[in-house]
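Subject: Structure handover

Hello,

Here is the structure I said I would pass on. Please look it over first, then read my notes below.

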Amino acid sequence: MPLLNSRINLWLDPQDYDVWLDLEVKAVEVLQPLLRPYPSEKMMASPVSTVVNKASHDSVSCIESIQKLTISA
């Protein structure tokens, strides 16, 4: 059965960008360590428009906050 949605988020530390984007790097032992949970203290959340629901949309509106989000613990 084919995947209906094969996109997945991957959050990398900036120091890992070059290795991840290097098409010559194919060794699992080099790439596997990059697949680790991203620290929650480095994350931010804000609501965005439903324009993000379509992969072909490629504009700044995909990341513009539509309102301030308040999260209470």
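Start with L12, which sits in the segment before α1. Helices here are DSSP runs of H or I of at least four residues, strands are E runs of at least two, and both are numbered from the N terminus.

Two notes on method. This is a predicted model, in which local features need pLDDT of at least 70, side-chain atom pairs count only at pLDDT 80 or more, and totals for chains, interfaces and linings use all residues. Residues are numbered from 1 along each chain as its sequence is written, and side-chain values use heavy atoms, with hydrogens and water left out.

The chain in outline: it has 2 helices and 0 strands. It counts 73 residues, of which 11% are buried. Buried means under 20% relative accessible area, exposed means over 50%, and partly exposed lies in between (1.4 Å probe, protein chains only).

Y38 lies 26 residues from L12 along the chain, yet their C-alpha atoms are separated by 7.1 Å.

Next, D13. It too is placed in the segment before α1, a helix that spans 17-21. D13 is buried because its relative accessible area is 10%. Beyond four places in sequence, D13 contacts R36, Y38 and K42. With K42 there is a side-chain polar contact of 3.2 Å. A polar contact is a pair of N or O atoms within 3.5 Å; within protein, one must be able to donate a hydrogen and the other to accept it, and residues adjacent in sequence count only if both atoms are side-chain atoms.

D16 belongs to the segment before α1. It counts as buried because its relative accessibility is 10%. Not counting residues up to four places away in sequence, D16 touches L34 and R36. The side chains of D16 and R36 make a polar contact of 2.9 Å.

Now the spaces. On a 1 Å grid over the protein atoms alone, a cavity is a set of points where a 1.4 Å probe fits but cannot get out; a pocket is an open set with protein on both sides within 12 Å along at least five of seven lines; lining residues have an atom within 4 Å of a point. Grid points are joined across faces, edges and corners, and a volume is the space filled by probe spheres set on the points.

There is 1 cavity of 30 Å³ or more. The largest cavity has a volume of about 50 Å³. L12, D13 and D16 are among its lining residues, as are W11, L34, R36, P37, Y38 and P39.

The largest pocket has a volume of about 200 Å³. N9, W11, S46, V48, C62 and I63 line it.

Best wishes

Conventions:
Contact means heavy atoms within 4.5 Å.
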